[in-house]
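Student: I have a structure open and would like to go through it with you. Can we start with a loop and work from there?

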Amino acid sequence: MPATSMEQLVSLCKRRGFIFQNADIYGGFQGLYDFGPLGVELKNNLKAAWWRAMVYERDDVEGVDCAILTHRKVLHYSGHEDTFSDPMVDCKDCKCRMRADTLKDGKCSECGSTNLTEIRQFNLMFKTNVGPIDDGESFGYLRPETAQAIFVNFKNVVDSTSRKVPFGIAQMGKSFRNEITPRNFIFRVREFEQMELEFFVEPGTDLEWHEKWKEARLKWWQEQGLSMENIKPVAIPKEDLAHYSKATYDIYYKFPHGLEELEGIADRTDYDLANHSKNQSEFKISAHVHDKNVDSNSKLALYDEEKKEWFIPFVIEPSAGVERGVLAVLTEAYTEEKLENGNERIVLKLKKHLAPIKVAVIPLKRNNEQIMAIAHKIKKDLLKLGIGRVSLEDSGNIGKAYRRHDEVGTPICVTVDFETIEAEPASVTIRDRDTMRQHRVNLIDLPDYVKEFFS
Ligand code: GAP
């Protein structure tokens, strides 16, 4: 089976309603995409799986959901105002603008010209006016990562939960970056979602936790259907580390356009909590102080009862992009199969918990009242199981319905036919997406069957 191409994915995503170019009726808004009827389900299922694994299944993590608009001082003391930039260069011949690290042998990546401007730093944050006065001073930023709001809420969470290290704070939500060259479909975009955990540990235990989190995250991605053949954890060389990091593993995935970062797992040391704290000289701080904090009124530290001293915890941060997760999961699931009868089919072999539609209920004849009534009742009963979306498919063409549900990854179709209304006991046909095998299940046993299937 050849590797999935980006064209195949983009085409499927548009055709079946997963992902659309934003504002496409106006020619498209570059670097922005919208999730359609099935995309929103897939994305929510991936996020729910992350939240379950990172918050519900653990006893050492709390969740938060903080504002997207961010106080400028937060992003000043975090270092983002000064350092969150990419090197940019313009081609004087073809007028295209690109990241300097994408130049090919010092030549424009579009036209090959060497007639380029000097490299200059371009800050990736979106600045926006906040409040009714536009005096150049009353501005904030759209957050470039969800992490900072977790750090500035550290004391609030500790005070309200009495947590002690090791413990984590998780958050999922939108982040914004004014990428110089958004590209590769939803891989590099200007508005995206992140799933981030800031895991606070005792200084000195950070390297051990860094390894643990790398293993945990690799396992989680496999549970989402990614095979280890396509995943590669890479230790980032010292010279390429972000301004806050002492060590980082990037989890690379073999995307259609190449091996690229899916998630980063950074040892952020005490950098963030120290930089947001007042009176930094009171503590032993390992990270550099970006700018001596004269504005914060908080001590983002914990008290060690044994040593009778305050300390600033170290932080391990697994940070994954939702869009990149969706793209990886789609890449892995997309399959083109040649059938025994010579026909071909596209099937999205998504893990059941990620499938946008869990069950399609298909009445064989939409103008048969008895069949329709049973189909409606089945849908209602299956919805009560809380497994997710159950869709009633009444296109009236069973072959088309199976093909459509293969393409969108629906794990099972339940068909209501004449046998259902004529034979005793009443039964339905179950068709399995992956094997295409069909078998009958008694109507009365259907909810238990479906529950078991998705458990
Ligand atoms: N808080 C740490 C942080 O933000 P990052 O490596 O810059 O680290 C984390 O971003 C993850 O967010 C990346 O691994 C990627 O999955 C996702 N991400 C970053 N920039 C993105 C972009 N422009 N478009 C889509 N996803 C992006």
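Tutor: Fine. This is a predicted model. Take P166, which lies in the loop between α6 (154-161) and β10 (167-176).

Student: What kind of peptide bond joins V165 and P166?

Tutor: A cis bond, with omega at about -5 degrees.

Student: And what about the bond from E424 to P425?

Tutor: That peptide bond is cis, with omega near -10 degrees. P425 belongs to the loop between α12 (418-422) and β23 (427-432).

Student: Is D105 buried or exposed?

Tutor: D105 counts as exposed, because its relative accessibility is 78% and the cut-off for exposed is over 50%.

Student: Where is M436, and what is its phi?

Tutor: M436 sits in the loop between β23 and β24 (438-442). Its phi is about 65 degrees, again positive in a residue that is not a glycine. M436 has 29% relative accessibility, so it counts as partly exposed.

Student: Now the ligand. Which residues come nearest?

Tutor: There are 21 residues around the ligand, and the nearest are E145, R177, E179, E196 and E261.

Student: What does E145 do there, in terms of distance?

Tutor: One of its polar side-chain atoms is 2.6 Å from a nitrogen atom of the ligand. For E261, a polar side-chain atom is 2.6 Å from an oxygen atom of the ligand. L262 comes in through its backbone: an N or O atom there is 2.8 Å from a ligand oxygen atom.

Student: How much of the ligand does the protein bury?

Tutor: 91% of the 550 Å² that the ligand exposes when taken alone. The ligand sits in the largest pocket.

Student: Which elements give two or more residues to the shell around the ligand?

Tutor: β11 (191-201), β14 (258-269) and β17 (314-321). β14 gives the most, with five residues.

Student: How does the shell split by class?

Tutor: Seven residues are nonpolar, four are polar and 10 are charged.

Student: Last one, the whole chain. How many helices and strands?

Tutor: The protein chain has 13 helices and 24 strands. Of its 455 residues, 50% count as buried. Along the principal axes, its C-alpha atoms fill a box of roughly 80 × 65 × 50 Å.

Conventions: Residues are numbered from 1 along each chain as its sequence is written. This is a predicted model: local features need pLDDT of at least 70, side-chain atom pairs count only at pLDDT 80 or more; totals for chains, interfaces and linings use all residues. Side-chain values use heavy atoms; hydrogens and water are left out. A residue is near a molecule or strand if one of its heavy atoms lies within 4 Å of it. A polar contact is a pair of N or O atoms within 3.5 Å; within protein, one must be able to donate a hydrogen and the other to accept it, and residues adjacent in sequence count only if both atoms are side-chain atoms. Accessible areas come from the Shrake-Rupley method with a 1.4 Å probe; for residues, only the protein chains shown count as cover. On a 1 Å grid over the protein atoms alone, a cavity is a set of points where a 1.4 Å probe fits but cannot get out, and a pocket is an open set with protein on both sides within 12 Å along at least five of seven lines; lining residues have an atom within 4 Å of a point. A molecule sits in a cavity or pocket if more than half of its atoms lie within 2 Å of its grid points. Helices (H or I, at least four residues) and strands (E, at least two) are DSSP runs, numbered from the N terminus. Ala, Val, Leu, Ile, Met, Phe, Trp, Tyr, Cys and Pro count as nonpolar, Asp, Glu, Lys and Arg as charged, and the others, Gly among them, as polar. Buried means under 20% relative accessible area, exposed over 50%, partly exposed in between (1.4 Å probe, protein chains only).
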